[in-house]
Amino acid sequence: MLFLALFYVVAGLTPFSRSEVLDVSGGDTNNQLIWGVMAVLSLGFAAKHFEEARRLLARSWPLLLALGWIALTILWAPYPDLSSRRVGILFTVAAVGMGLALTCKSPVSFFRTMVLLTGVIMTLNVFSLVALPGLAITESGVIGMHSHKNVAGQTTLVAFIVWFVAAATTRDLRWKAIFGGGALVWFGFLVLTQSKTSLGIAVLTPFVMLGAYAVARTQGLVRMCLIALMVAGFALVWSTFLGLGITVEKFLLLVFRDLTFTGRTALWEFLWGEVANQPLLGLGYGSFWHTGLRLSPINFATGWAAIAGQAHNGYLDLIVQTGYVGLSLALICVVRSLYLAVRLASNPNVRNEELGAYTLAVALFCAFALLNFMESSYFRGFHYLSVQFIFLYFFVEQWSDRMARTQQDAGDGD
């Protein structure tokens, strides 16, 4: 079910159609039916394992609190009907994520499913370059089965991280070679998408993982010295760049070819003006983008930003729609998810097979947090990264609960 749910989010029923069929607010009957069936099954799992479900929901209070506030914004949203449908989508995704966490209890099963899922998706994407070049290749970059190069980049980024973690954590040399080779192929496809943000995060991921793993596996004074060494190394690299005359402006110009982040700054400037209208509570979730009316950014932005359906900064997007209250609750959820994932990965008693799942959770949560500065990824309906985050949040809470009970049982035994 995890495989089918995530594959459906990525491919939908019409891959290669270049239409974002899963971003609709409830108008697609097939989409409603499929998610409705998955939600009913998940609620059935929860009813069968009622006590475990109750414990999981109690542990997941940060996510439930964020979703509760998002639902509350319907009261002052300018389009309450539209907001209600889009809030319903988030709760449906959360219900499915809870059910999956209750049934797929093994971190190893989750990890293997993610490897298989991303492998199938990327095999189809790579195959499409040969079989369907007219649909898979555009002037702006390679998109594969997806609707846009940025969507292709985000999906490929997740696949690259999954296979890179698999190569890093497996002990079998043959599988290490297979996973490593696959990660290189996926990285090559990511380069072809020309999705700069996803590509930049993919380049940073190995270094971030290496540093996080080294810190997590050390204790006391050694850990403090290691952190100090990393900070000193970053300062050295930064000072070297400055000494060579490579300023922040020149670096951004090299990466994005302009200092507007490919037109984002014009959109952000307008959105900050909208924030001023309702900074604390927000304008209402789901009542700002894709309302069917001509949106004001069209009057101020140029290029693709003129028809934007998101803020291209998830944190700013949350402020616009749910206010600083909503942003604060969302950040609590994000920080807690990363904290729990790091705790799981740094446990010295964890088995090597499970370590892959825990390391993957850390890497994906870090990638989502970074990517959210340039793309809206949190609490965004059926968007792949949003669904992935909510699903993974429940999994991490479930794994943490299981580990805590195992340690408690061991302590009682002693």
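Analyst: A polar contact is a pair of N or O atoms within 3.5 Å; within protein, one must be able to donate a hydrogen and the other to accept it, and residues adjacent in sequence count only if both atoms are side-chain atoms. Thr 155 makes one: its side chain reaches the backbone oxygen of Val 151 at 2.9 Å. This is a predicted model, where local features need pLDDT of at least 70 and side-chain atom pairs pLDDT 80 or more, while totals for chains, interfaces and linings use all residues. Residues are numbered from 1 along each chain as its sequence is written, and side-chain values use heavy atoms, without hydrogens and water.

Thr 155 sits in helix α8 (residues 149-169); helices are DSSP runs (H or I, at least four residues), numbered from the N terminus. Its relative accessibility is 5%, so Thr 155 counts as buried (under 20% relative accessible area, 1.4 Å probe, protein chains only). Beyond its neighbours within four places in sequence, Thr 155 has contacts (heavy atoms within 4.5 Å) with Val 10, Ile 121, His 146 and Tyr 384.

Now the rings. The structure holds 20 aromatic pairs (ring centres within 6.5 Å; planes under 30 degrees apart are stacked, over 60 edge-to-face, the rest tilted; Trp counts by its six-membered ring). One of them is tilted: Phe 110 and Phe 395, 4.8 Å centre to centre with 40° between the planes. Phe 110 lies in helix α6 (residues 107-131) and Phe 395 in helix α17 (residues 384-413), so this pair ties together parts 285 residues apart in sequence. Phe 110 and Trp 399 have ring centres 5.3 Å apart and planes at 70°, so they are edge-to-face. Phe 110 and Trp 399 are both buried.

Definitions and conventions:
Helix = DSSP H or I, 4+ residues; strand = E, 2+ residues; numbered from the N terminus. Buried < 20%, exposed > 50% of the residue type's maximum accessible area, 1.4 Å probe, protein only.
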